[in-house]
Amino acid sequence: MEYDFKAIEQKWQSRWAADKVYRVEVDESRPKFYVLDMFPYPSGAGLHVGHPLGYIASDIYTRYKRLKGFNVLHPMGYDAFGLPAEQYAIQTGQHPAVTTERNIERYREQMDKLGFSYDWDREIRTCDPSYYHWTQWAFLKMFDSFYDYDVQKARPIAELVQQFEQSGTEGVNAACTSPMSFTASEWKAMDERAREEVLQNYRLAYRADTLVNWCPALGTVLANDEVKDGLSERGGHPVEQKRMKQWSLRITAYAERLLEGLNDLQWSESLKEIQRNWIGRSEGAQVFFGIKGSEEKLEVFTTRPDTIFGVTFMVLAPEHEFVSWLATPEYRQAVEDYQAQAKKRSERERMADTKRVSGQFTGSYAVNPFTGTEIPIYISDYVLAGYGTGAIMAVPAHDSRDYAFAKHFDLPIIPVVEGGDLSESSYDAKSGKMINSDFINGLDVKEAIPVMFAEVEKRGIGKRRINYRLRDAIFSRQRYWGEPFPIYYKDGIAYPLSEDQLPLTLPPIEDFGPTEQGEPPLARVADWKTPEGYPLETSTMPGFAGSSAYYLRYMDPHNDQALVGKKADEYWRNVDLYVGGIEHATGHLMYSRFWNMFLYDLGYVCEKEPFKKLVNQGMIQGRSNFVYRVVGTNQFVSLGLKDQYQTQEIHVDVNIVKNDVLDLDAFRAWRPEFATAEFILEDGKYICGWAVEKMSKSMFNVVNPDYIVEQYGADTLRMYEMFLGPLEQSKPWDTNGIDGVHKFLRRFWRMFFDRDGRLIVTDEKATPAELKSLHKTIKKVNEDVENFSFNTSVSAFMICLNELSEQKCNKREVLEPLVILMAPFAPHLAEEIWSQLGHQGTIFDASYPQHDDKYLVESEVSYPVSFNGKVRFKKNLPAGLSPREIEEAVLADGMTAKYLEGKTPKKVIVVPGKIVNVVL
């Protein structure tokens, strides 16, 4: 009986499901291990072969840890809210819930076919009210909290109110939008609206006017990573910068802790560096510049106060609140035109575009607080309103963007650090002597910086401070398919629903687009109100809301009293291994860390960080195929003959190509215009061209895993994806190579069964050579799995199989541990063999084999014997011989006499276990 993968895989997938083999519970008698995949958004296209790469890797590790005796939590769910389903609803009228449910069914079907060891009893969906109940609950907790810098943690807002009642803002050191100052009597004199406006300045979840990426066509706010080249990534619609009242989360309060926490995480340095740069900590000073003809002052943040004598102009973000009155009548129209132009570019685009120079003079002047010099005030989109103060002091001699700006607008360039050439560019001013700088002339830069910090504070024109690039997270979207906010409005003041009113569920709706007035879809719902008749918030939460704490819900998914119960949280604690893409570094991974720290502050979770170890899998790229149409005809010429014709290269569906050979009938049936295609063949075949490209439907290079499973089996697909290359690297998919892995599994099967399906495993004692092959493989695979080097594990299995086949090994002592070793990689095959070997229950209740070094000791060493450095022959000698014994054995060999040619060796160099070199 040959390896019948279809029957075997269907059998064991059914049995695993029926027996709930992968169901886990809290078990204090066993050590825990929590393995998590970044859960998918269930798109209509389903999975292609690139998607399961990380899932396969995590599944191998999950099964490996279970065999090692761990109680492994390995759950899966769906990040089910999202813009694609809503856009489809707007286009078709089909409710997003219907689309999402259908897509989830498709994903589940595909994942089941791959034999993953998920505990499906813990499945969550972010669109399920029983799940988003706890997203809403967390939002309410943030709404009712503020961040106290003195104790470095979140505290209830009621405690801040109590402090205001006793002593006003005196002694308050809290994260806020803007500094405030008032007495206890002034607080008590405020009405309810005024008090709430003050509290919004401190709440961790707050509502404020914010500059956002607004897409009129989609009717919603977009995150920076949803905008590219001024257009929405979804649909390519124009996006503009717009100031709107939005809900935000004060993630900036946690900036320092987010930075410090990275030191204790087992993440790649490259990913940590991405987060460090995103947080962007810098030490400097706020400095106030006077404005000619005004009592107002312009605040800037600088890390280099020593360069203030080199300031020759100021630049404001086009959105800066001062711009409207700084623009003089003469320049107002030009300023407004520039602002309109800047609105069309996202912040991310503005940050990335370092070559383009643009700006507009406002007509107003600032006054340098040290020199009294009047300096012109410009606006430019290279300054961002959300970073720092939205204004900069420009020192063109020592900053490349300021230099380009000054050259473009013919502004003065004054060097304040000696040693550079300003004829072509600015120059680095991190070291050197100060010049043109009054009382700090002659000081080294490192000496001048602290002197200027002190002088700024002494003159009362600013203070030392730490600044962060990190911005608060905009938390509302003007769409339907998302978590409703548990907020209602009374006289324009935001009030929270009580926790016993959760979940606030999405109401039925027929029109999913924004209203004619541009309001969110929920504004259409007439009874979207509290029982008392107060209007509910019509925006919904963003995509990252549901993914920010889902790892906690998996620990205790059926608990209707808490996000996660104390017992479950203290057992599972946090994620031991998280597998997902590096593209989430500045989004989901940052938000989850913030969310977890907040819940830790309030005592709801026991660990400060959510994800101990993070592995970023690379991308599987597509291997595209091409056909070559003779221009002006419906005739197609094979690759090797195309240079004889004028041809047009056309992508062809890779699923009708095998080993680069085109299925001609399938091609004619693929698209109507090819029904009458004619072919010019090579040796009776049509050979396609190929290239490695991104896997994309438009390039017809998407390979459906269902097809691979149907043709080769899930175990083949699992091992082949691991065999493609290192997990963290991107690599091309090539169906041509899958045959080799499939043949390996068939050969592995034949180690246990003859052609009639009879078990041929014996209980004979294994030979030393067989035990060496086994234990060498156990050691190698164990090390590889721990290091996520799964590609070399597959190679080790292949080497072992070759050795055992040469030895004609059929010993249970060797083959049974080898099956357990293979089980995480090819679980269906392993389960079937384990069962046929006479075992009851699942192989994953077995114990992982341990290697024994005594079987790895070499009994014999093969020595290359060289003469004057040239290898002439090899000689096998017993291991453990002394150098003298090795020398004697080599000199006594007949081959040595041949190469000595009667000469006497000057000396013999012996490196035990390595080489012998005879010097003549």
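This is a predicted model: local features need pLDDT of at least 70, side-chain atom pairs count only at pLDDT 80 or more; totals for chains, interfaces and linings use all residues.

Residues are numbered from 1 along each chain as its sequence is written, and side-chain values use heavy atoms, with hydrogens and water left out.

How many cavities of 30 Å³ or more does the structure hold? There are five. A cavity here is a set of points, on a 1 Å grid over the protein atoms alone, where a 1.4 Å probe fits but cannot get out; lining residues have an atom within 4 Å of a point. A volume is the space filled by probe spheres set on the points, which are joined across faces, edges and corners.

The largest cavity has about 120 Å³ of space. Its lining includes V654, Y707, Y712 and D739. Two elements, β25 (657-658) and α21 (705-712), each give two or more residues to that lining; strands are DSSP runs of E, at least two residues, and helices runs of H or I, at least four, numbered from the N terminus.

The second largest cavity has about 90 Å³. Among its lining residues are R623, N625, W733 and D734, and β22 (620-630) and β25 each supply at least two.

Finally, E101 sits in helix α4 (residues 96-113). E101 counts as partly exposed because its relative accessibility is 32%, between the limits of under 20% for buried and over 50% for exposed (1.4 Å probe, protein chains only).

Notes
On a 1 Å grid over the protein atoms alone, a cavity is a set of points where a 1.4 Å probe fits but cannot get out, and a pocket is an open set with protein on both sides within 12 Å along at least five of seven lines; lining residues have an atom within 4 Å of a point.
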